[in-house]
Amino acid sequence: MPILVVGSVALDSVQTPFGEAERVVGGSAVFFSAAASLFGPVRVVGVVGEDYPLEKLEFLAERGVDLSGIEQAEGESFFWAGRYSHDLNSRDTLETRLGVFADFRPRVPEGFRDSSCVFLGNIDPVLQLEVLDQVTSPRVVACDTMNYWIEGNPDALLELLKKVDILLVNDAEARQLAGDHNLLRAARWIQEHGPEIVVVKMGEHGATLYGPDWMFFVPGFPLEVIFDPTGAGDAFAGGFMGHLAAAASFGLDDYKRAMVYGSVMGSFAVESFSIDRFHSLDEHDILKRLMQFKEMTAFEHRI
Ligand code: AMP
């Protein structure tokens, strides 16, 4: 099943303890597509300004990402600048400039409207709703958000949640959204407001899936060098949704595998700046890391 994604198509300036990157390609839709396209076809809706180096996304097109839903408008591309703490577990947003996203009215191309799998990547919830309204009969709708929109547009976000099956957020966002410091209670609060499945990402500490009456936890893949955590959450979502769409099945085991694929793809994203690691990544690398996960987490129980 092809996945339709809307989200930021951004230029990022990032500072980590290991170095700096200036105005490199990023954004939720870009990191998501870079990961999900290794599982199956992806269709992107978004907007960039005249300053965007679209040629940097060409390798994604070669890999089955349909970029025809990305408009190029007059003005500046979405810009985000962030700085990571020494342990890379927290970051400060130094600047967010919406640029062409401020006046963007998404138009989902005719050929994308029948998408059965939809990922509403992190962007204004009003735009996420507008995209969803143009899709005819999605089988599964997943969404992400962040503090910027939880604070900036909570009403639209709550409206959106009613129409979403899966919410993927990080731990701080789950706490903020629910107004509860306890993650289990926060996940239950979110479920009461719409999504049956809540995935809470916790950076290097892994991720937990809260289902209606079951849970599943996956660790973060242990890496000696974490270079730049930007986009790990979106790459996680790309692996997670990529697997579900490829399986075209939404049972317990599909979700469990999707969690592992999510963690695998998140771990690749942090190995370099921007989407650089995805240029050379292939199915073999993914499978190898998946098998390492299996070895690290499987055990025989004995009473
Ligand atoms: P992640 O590290 O997975 O949370 O996502 C990082 C990406 O999110 C960066 O490439 C940014 O361009 C993008 N981003 C940052 N702030 C926002 C925002 N308020 N809305 C949409 N995308 C954002």
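Select the ligand: 19 residues surround it, and the closest are S8, D12, G27, G231 and D234. Keep in mind that this is a predicted model.

Next, show the side chain of S8. One of its N or O atoms is 2.8 Å from a nitrogen atom of the ligand. Move to G27, where the backbone takes part: an N or O atom there lies 2.7 Å from an oxygen atom of the ligand. Then pick R91, which has a polar side-chain atom 2.9 Å from a ligand oxygen atom. How much of the ligand's accessible area does the protein cover? On its own the ligand has 510 Å², and the protein covers 94% of that.

Now colour the elements around the ligand. Strands β2 (10–16) and β6 (78–84) and helices α4 (147–152) and α8 (232–247) each supply at least two residues of the shell. The largest share, three residues, comes from α8. Sorted by class, the shell has nine nonpolar, seven polar and three charged residues.

Centre the view on M241. Which residues is M241 in contact with, leaving aside its neighbours within four places in sequence? They are I3, F32, C117, V118, F119, V140, A142 and I166.

How values were computed:
Residues numbered from 1 in each chain as written. Predicted model: local features only at pLDDT ≥ 70, side-chain atom pairs only at ≥ 80, totals over all residues. Heavy atoms only, no water. Near = heavy atom within 4 Å. Polar contact = N/O pair within 3.5 Å; in protein donor to acceptor, adjacent residues only side chain to side chain. Areas by Shrake-Rupley, 256 points an atom, 1.4 Å probe, with all protein chains shown as cover. Helix = DSSP H or I, 4+ residues; strand = E, 2+ residues; numbered from the N terminus. Nonpolar A, V, L, I, M, F, W, Y, C, P; charged D, E, K, R; others polar. Contact = heavy atoms within 4.5 Å.
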